[in-house]
Amino acid sequence: MDANLAATASQWAAEANSAVFVQLVSGETVEGVLRALDTDLSQDVDEEDENEEEEEGGADVIQFHPAFTYPIYGEHERIFGYKGLRINLSYAAGSLATYFEVKYQKRVDQMETSLPVQLRADDVDTPMRKVLSPAALCATKTEFAKRVARDTHEFRPLGRKVHEYTRDSEESGEGTVYEIYESDFVSGEFREYHRRMQTLVLLYIEGAQFIDDSDDRWRVFTVFERLVIGGIASYTLVGFCTMYQFFSWPDRKRPRISQFLVLPPFQGQGHGSELYRYIYQAVLRNAEYADLTVEDPSEAFDDMRDRNDMRYLIQQDAFSGLDVPVAPAVLREMQERFKISKRQITRCVEMGLLRSLDKTRQKDKYQQYCLFVKRRIFAQNTDLLAGLDEAEKKKKIAESFAAVEDDYHRILSLL
């Protein structure tokens with residue numbers, strides 16, 4: 001490519017993750033919502049406070065960037081052809097009625113140029129609209145403002161309310177109420193609501209895909225913040241989890257968590273743990289369920305799950321009397337009793353054993369523990385280790401054990 005052409009092209013490229021702004025909007029009046037939408041929030045979300053919130057004329061706008069845009073704008077997550085590009089994906093905070101808007105200062109194919117080729121701007125509009133629910137889209141900003149003002153007062157979460165908890169507000173010091181609802185796709189109204197939510201899955205869960213909402217084996221749990229505005233309850237979506245019910249021989253079900261998301265403005269506040277604990281306790285109570293599994297969990301989810309499982313097991317005195325080596329029959333009994341998957345109960349038992357060890361005073365027992373964990377590491381990696389000589393095998397297993405032990409100590413320090 002000609003150097004001048006390349007330099008010109010680079011000036012018109014934008015990072016898609018930075019250009020897209022997801023907004024949760026609530027407000028009591030149409031005028032207040034319109035003023036808030038017409039007041040441009042800063043182009044750059046501050047790194048110190050990635051979730052920006054602005055109140056304008058009785059309307060609240062919380063905005064934040066996506067973690068991923070490659071499912072929409074391609075694997076490089078770059079958009080060509082604009083300067084000052086801003087893509088607003090605005091949702092009514094509770095109902096998720098949607099307004100999609102593209103703004104820019106300049107567009108490359110609208111500029112006069114002396115370049116030998118005609119540069120064309122990427123289509124920003126069509127790829128995003130393909131992943132949005134058509135029924136949720138508002139054609140104009142005024143239509144969206146009307147929906148927000150109405151839904152702020154009238155929207156109520158769909159499904160069956162199954163749990164409620166509170167968190168103290170840093171600003172007021174008072175408790176804010178959060179509610180968890182359980183739904184399925186038998187309800188056509190909820191199927192539509194889920195179609196609005198699922199776009200968020202693409203933006204915040206790596207490798208996520210839309211799920212089949214014609215399958216009645218799905219269960220969906222939603223979390224909402226409940227605020228009282230003018231004496232009327234108003235709801236904002238906090239997060240959600242999809243769970244699929246597989247068959248477990250001979251006559252039970254094996255629930256698997258598929259997608260688990262807490263929206264960025266609500267992360268780090270314990271909502272993920274609250275939702276996970278509710279789902280786990282629901283599985284424990286249901287005699288139809290064998291155990292709870294998780295599909296391809298992220299590192300952040302694994303951490304949250306480890307902390308909550310360990311706290312529960314410690315509370316239940318599950319590790320009392322355990323000693324290395326733990327027999328497979330004992331692990332199976334614990335898996336069945338606590339309805340925790342084989343991999344996860346093994347991990348928790350190893351952490352529980354390490355927690356009770358004093359490495360300096362119980363050197364022999366610690367050596368037994370090391371052998372116990374290393375045998376498990378070897379058994380799980382037999383194929384990978386098959387081509388190595390004995391010295392290299394021992395080295396690889398020792399390195400894996402050291403990493404596992406460090407990670408266990410890290411998790412245990414957070415309990």
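**Helix packing and sheet layout**

Helix H11 passes helix H12 in a left-handed crossing (the near helix is turned anticlockwise from the far one by less than a right angle; clockwise would be right-handed). This is a predicted model, so local features need pLDDT of at least 70 and side-chain atom pairs count only at pLDDT 80 or more, while totals for chains, interfaces and linings use all residues. Residues are numbered from 1 along each chain as its sequence is written, and side-chain values use heavy atoms, with hydrogens and water left out. Helices (H or I, at least four residues) and strands (E, at least two) are DSSP runs numbered from the N terminus.

**Confidence**

- The protein chain has a mean pLDDT of 91 (the predictor's confidence in each residue, from 0 to 100).
- In that chain, 91% of the residues reach 70 or more.
- Helix H8 has the highest confidence in the protein chain, at 98.
- Strand E3 (residues 52–56) has the lowest, at a mean of 58.
- Where pLDDT is low, predicted coordinates should not be read in detail.

**H11 with H12**

- H11 covers residues 342–355 and H12 covers residues 363–380.
- Their axes come within 11 Å and cross at roughly 165° (axes are lines fitted to C-alpha atoms, for helices over the stretch in contact; angles run from 0 to 180 degrees between N-to-C directions).
- That angle makes H11 roughly antiparallel to H12 (over 145 degrees; under 35 is roughly parallel, 65 to 115 roughly perpendicular, the rest oblique).
- H11 makes the contact through Thr346, Glu350, Leu353 and Leu354 (contact means heavy atoms within 4.5 Å).
- H12 supplies Tyr369, Phe372, Val373 and Arg376 to this contact.
- By class, the H11 contact with H12 has five nonpolar, one polar and two charged residues (Ala, Val, Leu, Ile, Met, Phe, Trp, Tyr, Cys and Pro count as nonpolar, Asp, Glu, Lys and Arg as charged, the others, Gly among them, as polar).

**H9 and its two partners**

- H8 (residues 271–285) packs against H9 (residues 299–315) at about 55°, with axes 10 Å apart.
- H8 and H9 are therefore oblique to each other.
- Their crossing is right-handed.
- From H8, the contact uses Gly272, Ser273, Tyr276, Arg277, Tyr280, Gln281 and Leu284.
- From H9, the contact uses Phe301, Met304, Arg305, Arg307, Asn308, Asp309 and Tyr312.
- The residues of the H8 contact with H9 divide into six nonpolar, four polar and four charged.
- H9 also crosses helix H14 (residues 390–413) at roughly 65°, the axes coming within 10 Å.
- The crossing of H9 and H14 is right-handed.
- Here Asp303, Asp306, Arg307 and Met310 of H9 meet Arg410, Ile411 and Leu412 of H14.
- This contact of H9 with H14 has three nonpolar, no polar and four charged residues.

**The six-stranded sheet**

- An open sheet of six strands runs in the order E10-E11-E12-E13-E14-E15, with mixed pairing (strands pair if DSSP finds at least two bridges between them).
- E10 (160–168) and E15 (293–294) stand at the edges with a single partner strand each, so one side of each is left without a neighbour in the sheet.
- E11 (residues 175–183) and E12 (residues 218–229) pair in the antiparallel sense over seven bridges.
- Val177 has Arg226 of E12 as its bridge partner.
- Helix H6 (residues 141–154) lies across E12 and E13 (232–248), at about 75° to E13.
- Helix H7 (residues 188–204) packs on the sheet and touches E11, E12, E13 and E14 (252–262).
- The direction of H7 makes about 85° with that of E13.

**Backbone points in loops**

- The Trp249 to Pro250 peptide bond is cis, with omega near 5°.
- Pro250 lies in the loop between E13 and E14.
- The Val324 to Pro325 peptide bond is cis, with omega near -5°.
- Pro325 sits in the loop between H9 and helix H10 (328–338).
- Asp296 has a positive phi of about 45°, although it is not a glycine.
- Asp296 belongs to the loop between E15 and H9.
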